[in-house]
Amino acid sequence: MPYPPPLVVALSGLSSTGKSTIAAHLPSIFYPPFYSLTILHVDEFYKPEAGLPHREGLLDWDCAASLDWPRLEQTVRRWKNGDEIKEGEVNPQPQFEEAVAAGRPNEKAEEKNGITKALVEQLRSEVPVTGSQEGLQRIVILDGFLLFTPSVPSTFRSLLDLKILLRAPYAEAKRRREARSGYTTMEGWWEDPPGYFDKVVWPNYVEENRGFFMDGEVEGKVNEEGCEREGAKVWMGRTDGLREALSWVVRMMRTTVEVNSS
């Protein structure tokens with residue numbers, strides 16, 4: 001018997017904007033027996049390094065063309081069609097494991113991101129407990145850097161029930177990215193070469209997301225018409241902590257669950 005189709009939530013934005021930390025808390029908020037929440041890391045769907053495009057003479061890990069969209073779409077479509085999400089089918093990235101550890105409520109994590117155990121318990125108490133009409137509500141969180149921008153295939157974007165963009169100002173995004181030691185890849189380990197953020201990461205972000213902002217200024221006001229056309233929600237709040245961002249993401253998800261259950 002097919003499983004009820006999951007709600008697919010795209011949590012998109014620049015690397016190091018808190019996507020994985022926010023995602024790490026969601027299973028504690030949308031919890032069994034009312035919910036089954038799976039986190040799929042789009043980093044699992046990179047092409048082999050030999051197949052990556054280049055920008056400014058550098059390997060480009062931060063554009064839509066670096067991802068294997070047919071394989072990612074096939075995976076999400078199977079789940080939307082009622083296939084079981086099998087244990088072990090989704091393998092956590094090492095970076096996500098770090099985010100989970102850093103995100104667990106403790107004094108160090110609370111000081112860093114503002115997400116407390118009390119906040120998680122409060123948000124948990126506010127989510128609907130009925131789920132879908134069939135009972136258990138399945139939710140899939142897609143954690144990735146580009147998920148619903150123009151270069152992403154429209155057939156994939158049509159599978160997304162909620163599209164969330166976590167905005168990041170240039171200075172903060174650059175500081176966070178350059179503080180990272182590196183990334184695990186299929187071939188081993190990647191460290192950003194000098195100038196990578198300014199030559200690759202930021203230009204890709206601006207080009208892909210300019211339609212969501214007035215006059216294409218990604219640090220300016222939201223373009224409501226552009227967001228409505230794509231069905232995207234943009235977080236425009238504080239970026240120096242994740243407390244408000246998590247609360248807002250949960251509110252967006254809660255509304256989507258309620259609409260789906262009505």
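Which residue in E5 does Val8 stand opposite? It's Val140, and that pair is a handy way into this fold. Before going on, a word on what you're looking at: this is a predicted model, where local features need pLDDT of at least 70, side-chain atom pairs count only at pLDDT 80 or more, and totals for chains, interfaces and linings use all residues. Residues are numbered from 1 along each chain as its sequence is written, and side-chain values use heavy atoms, with hydrogens and water left out.

Start with the overall inventory. The protein has 10 helices and nine strands; helices (H or I, at least four residues) and strands (E, at least two) are DSSP runs, numbered from the N terminus. Of the 262 residues, 53% are buried, where buried means under 20% relative accessible area, exposed means over 50%, and partly exposed is in between (1.4 Å probe, protein chains only). The protein exposes about 12,700 Å², and carbon and sulfur atoms supply 50% of that; these areas come from the Shrake-Rupley method with a 1.4 Å probe, and for residues only the protein chains shown count as cover. Now for contacts, meaning heavy atoms within 4.5 Å. Among those with a separation of 6 or more, 75% are between residues 24 or more positions apart.

Back to the sheet. Strands of a sheet pair through backbone hydrogen bonds, either parallel or antiparallel. Here, five strands form an open sheet in the order E2-E5-E1-E6-E9, with parallel pairing; two strands pair if DSSP finds at least two bridges between them. The edges are E2 (35-41) and E9 (232-235), each pairing on one side only. From one strand to the next, the twist averages 20°. Strand E1 (residues 7-13) runs parallel to E5 (residues 137-144), and six bridges join them.

Next, look at a pair of helices. H7 (residues 170-179) and H8 (residues 196-209) pack at an angle of about 115°, with their axes 11 Å apart. Those axes are lines fitted to C-alpha atoms, for helices over the stretch in contact, and angles run from 0 to 180 degrees between N-to-C directions. On the H7 side, Tyr170, Ala173, Lys174, Arg177 and Glu178 meet Tyr196, Phe197, Asp198, Val201 and Trp202 in H8. The residues of this contact divide into six nonpolar, no polar and four charged.

Ile22 sits in helix H1 (residues 19-29) and counts as buried because its relative accessibility is 0%. Leaving aside neighbours within four places in sequence, Ile22 is in contact with Leu11, Leu166, Leu242, Ala245, Leu246 and Val249. Its C-alpha is separated by 9.5 Å from that of Val250, 228 residues apart along the chain. Then there's Glu73 in helix H2 (residues 69-80), a residue that counts as buried at 13% relative accessibility. Not counting residues up to four places away in sequence, Glu73 touches Thr155, Phe156 and Leu159.

The peptide bond from Pro32 to Pro33 is cis, with omega near 5°, and Pro33 is in the loop between H1 and E2. Ser16, in the loop between E1 and H1, has a positive phi of about 70° although it is not a glycine; Ser16 is buried, with a relative accessible area of 17%. Glu56 also has a positive phi, near 55°, and lies in the loop between E3 (54-55) and E4 (58-59). At 59% relative accessibility, Glu56 counts as exposed.

Notes:
Ala, Val, Leu, Ile, Met, Phe, Trp, Tyr, Cys and Pro count as nonpolar, Asp, Glu, Lys and Arg as charged, and the others, Gly among them, as polar.
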